[in-house]
Amino acid sequence: MPHPAVLPAGPRAGSIRIVHLGLGAFHRAQQAVYLEGYRQRTGDAAWGISSANLRTNVDLVDGLREAGHRYHVAEYADRESVTLREIGVIEETLFTGCDAQGRWGRDLDALLTRLALPETRIVTLTVTEKGYFLNPSSGALLVDDPMIAADIATPSRPRTAPGILVEALARRRSQGLAPFTVLSCDNMPDNGQRTRNAMIQLAERRDAALAAWIAAEVACPSSMVDRIVPAMTDADFVRLADLGVEDPNAVVGEGFAQWVIEDHFPQGRPAWEADGVEMVADVAPFETMKLRMLNGSHSLLAYLGAPEGIETVVEAVSRDDLRTLLRRYMLEEAAPTLVMPEGTDLAAYADMLLARFANDSLRHRLHQIAMDGSQKLPQRWLLGTLARRDIGQETPCTALGLAAWIRYTAGKDRQGRVYPVDDPLAERFADLHARHGQQPDALVKAYLAMGDVVPPALAADGDFTAAVLTHYCRLSEQGLDGTLAALDE
Ligand code: NAI
Ligand code: CS2
C-alpha cells in the first residue's frame, strides 16, 4: 500500500478555550480530529484544548508533553484506505490522579486554575459511564462511593469529574465569572442532563446556593458521539510504523465519525457544523438510536462471543449466525422502540452498522466492550426491552444477551480460562456466582433483582425471567452454537 499523505497539524498555540476531562483514545480520535478540521479550515487557533486525566493514563499525559502535544490518528475506512492525520489542537495535558506513591492530584492546581480562567468556555468529558458516579438505573449520585465521599469531605481537593466541575464552578461563581458550558461525550442517554444532575447533587452537599446557581446558570447540552476507536494493540503500532509513523501517542480508528450536539452554548463554541458536526435542537432520538442499535449490538457480541474464545468484533460478525442475530436484534427489538425524525431509515442504519463491524482493519476486542456492563446495559438493552415488554412483545435477543452477560461475569470461558471482569460491581458479581453458581434459577433471579442495574418492572416480569433462565442453561450446556440454533424454541 502506498504511504498516505500526512495531513499536517494546523497553526500552533492560541488560547485554550476548551478543557477536556478524560484524555483517552476516543477524545484523541474524535473530538480533537473535528477541532483540527475546524482549525485547518478557519485558521482560528482560539479553541485549543487542555486535556486532563483524572484517574489513569499518566504515561499518555507525559508522553504528549514530551512530543510537544502532537500525535497521529490513522483512520481506516478499510484495509486499503487509510487517512493519516497529525493533530495539534491539544495544547496542554494534565494528570490529577493517584501516582505510584499513592499521592493524589499532581496537576490538580493547574487544572482548577485553568477551569477558572475567563477564557475557558467549554468543558468536555469522556470519563466513561462510571466516571459520573451515578446509579446506572436511577441516576442518583453514589454519595457512599469512597471517591465521592472524599470529594464531599474535601471539596477543594476533588478527585472525581463531578467534584472537579463543582469546585471549578464554585471558584468561577465566587469570582463573578460566567460558568463554562459542560458537554458530556460519553455513551449515556441524556448525557447532558445526567452530568448536570451529578453536579447539582454533589453541590447540594456543600452549598445549596451553589447548587441553585449551577441549576440556573450552567448549560449542559447533550451529545451523541460515534466513531469506533479500539484500544491500541502492538499490531496497530507495527502497522503505523509501516506507514512511517513512530508515535507512541498515536491512535487508530475507523473512517466513519458522527457527532450530534444539542446547540446550547451560551459562552460560544467553534463553528463545528462546517466540519460535519450536526448541531440540533434535540439529540435524544439520535442518542437512543445509537445506544440501542450500535452499542446494544456490540454488547450482544461481547457477552456471547468472549466466553466462546471469539476475540474481536470482526471475528464475531464473520459468523452467519451472529450476523443474523444482530440484524434480528436491531430490526425487531431495538428499532421498534425508537421514535426518529421522519425519513430516518433504520434498516439502512442497521446495514451500515454491520458493514462497520466488519471493518477488518480494526482489532476491537470483545473483552474491551464487555467492560462495565453494569453501567452500560440499562441504556443499551434494558430500557428498550422494558418498553417492548410493556406492550406484550417478545424480546428473545435481549433475554439471550442478559443470560450471556450473567455467564460472562463468572469470569471463566468455555475452555475454563479465567479472565478479569472489569466492572464497578465485579465483587458483587463474584459473590453472586459463588453463592448461586450451582443454581441457575437463583442466580438469574439474583442478577435481575439488582435494582441499580435492572428496572424492577423487568425483574418482576415472570416470562422474561424464564426466558433469561432458559438461555442461561442452554449457554452453559450447549454453548453458543446450540443456543443460537434453539433461539426460537
Ligand atoms: P480509554 O480507555 O482510552 O480512556 C478512558 C478515559 O476515561 C481515560 O482518560 C481514563 O482516565 C478515564 N476514566 C476512566 N474511569 C474514570 C473515572 N472513574 N473517573 C474519571 N476518569 C475516568 O477509553 P476511550 O476509548 O477514550 O473511551 C472513553 C469513553 O468515550 C467511553 O467510555 C465512551 O463513553 C466514550 N466513547 C468511546 C468510543 C470509542 O470507540 N472508544 C466511541 C464513543 C464514545
Ligand atoms: C463500545 C463503544 O466499548 C463499548 O462499549 O460499544 O465504545 C463503541 O465502540 C462506540 O460507542 C462507537 O461509537
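**View 1. Oxygen contacts and surroundings of ligand 1.** In this predicted model, an oxygen atom of ligand 1 is placed 2.9 Å from a polar backbone atom of F26. Side chains also take part: an N or O atom in the side chain of N53 is 2.4 Å from an oxygen atom of ligand 1, and an oxygen atom of ligand 1 lies 2.8 Å from a polar side-chain atom of T56. Of the 810 Å² of accessible area that ligand 1 has on its own, the protein covers 85%. The ligand is surrounded by 22 residues, of which the closest are A25, N53, R55, T56 and D186. By class, the shell around ligand 1 consists of eight nonpolar, eight polar and six charged residues.

**View 2. Side-chain contacts of ligand 2.** In the side chain of H298, an N or O atom is 2.8 Å from an oxygen atom of ligand 2, while for K376 the distance from a polar side-chain atom to an oxygen atom of the ligand is 2.9 Å. The protein covers 88% of the 340 Å² of accessible area that ligand 2 has on its own. The shell around ligand 2 is made up of N187, D226, R227, I228, K290, L294, N295, H298, H364, I369, K376 and R380, and by class these divide into three nonpolar, four polar and five charged residues.

View 3. The domain assignment of the protein chain gives domain 1, residues 6-280, and domain 2, residues 284-485. Their C-alpha centres are 28 Å apart, and the contact involves 33 residues from domain 1 and 31 residues from domain 2. Ligand 2 lies between the two domains, because both of them give residues to the shell around it. Within that shell, helices α10 (284-305) and α15 each supply at least two residues, and α10 provides the largest share, with four residues.

**View 4. H364 in the loop between α13 and α14.** H364, one of the residues around ligand 2, is found in the loop that runs between α13 (346-357) and α14 (366-370). Its relative accessibility is 10%, and H364 therefore counts as buried. Leaving aside residues up to four places away in sequence, H364 touches I228, P230, H298, E311, T312, V313 and I369.

**View 5. Two loop residues with positive phi.** Most residues other than glycine have a negative phi. H69, although it is not a glycine, has a positive phi of about 60°; its place is in the loop between α3 (58-66) and β4 (71-76). With a relative accessible area of 10%, H69 is buried. D372 likewise has a positive phi of about 60° without being a glycine, and lies in the loop between α14 and α15 (373-390). The relative accessible area of D372 is 1%, which means that this residue is buried.

**View 6. Helix α18 and the elements that cover it.** Helix α18 spans residues 440-448, and within it L443, V444, A446, Y447 and L448 are buried. An α-helix has 3.6 residues a turn, so residues three or four places apart point the same way. The cover over the buried residues of α18 includes helices α16 (396-408), α17 (426-436), α19 (456-459) and α20.

**View 7. T470 in helix α20.** T470 lies in α20, a helix formed by residues 462-485, and α20 is among the elements that cover the buried residues of α18. T470 itself counts as partly exposed because its relative accessibility is 35%, a value that falls between the limits of under 20% for buried and over 50% for exposed residues. Although T470 and P440 are 30 residues apart in sequence, their C-alpha atoms are 9.3 Å apart in space.

Methods
Residues are numbered from 1 along each chain as its sequence is written. Chains are lettered from A and ligands numbered from 1 in the order in which they are written. This is a predicted model: local features need pLDDT of at least 70, side-chain atom pairs count only at pLDDT 80 or more; totals for chains, interfaces and linings use all residues. Side-chain values use heavy atoms; hydrogens and water are left out. A residue is near a molecule or strand if one of its heavy atoms lies within 4 Å of it. A polar contact is a pair of N or O atoms within 3.5 Å; within protein, one must be able to donate a hydrogen and the other to accept it, and residues adjacent in sequence count only if both atoms are side-chain atoms. Accessible areas come from the Shrake-Rupley method with a 1.4 Å probe; for residues, only the protein chains shown count as cover. Ala, Val, Leu, Ile, Met, Phe, Trp, Tyr, Cys and Pro count as nonpolar, Asp, Glu, Lys and Arg as charged, and the others, Gly among them, as polar. Buried means under 20% relative accessible area, exposed over 50%, partly exposed in between (1.4 Å probe, protein chains only). Contact means heavy atoms within 4.5 Å. Domain bounds come from an automatic or database domain assignment.
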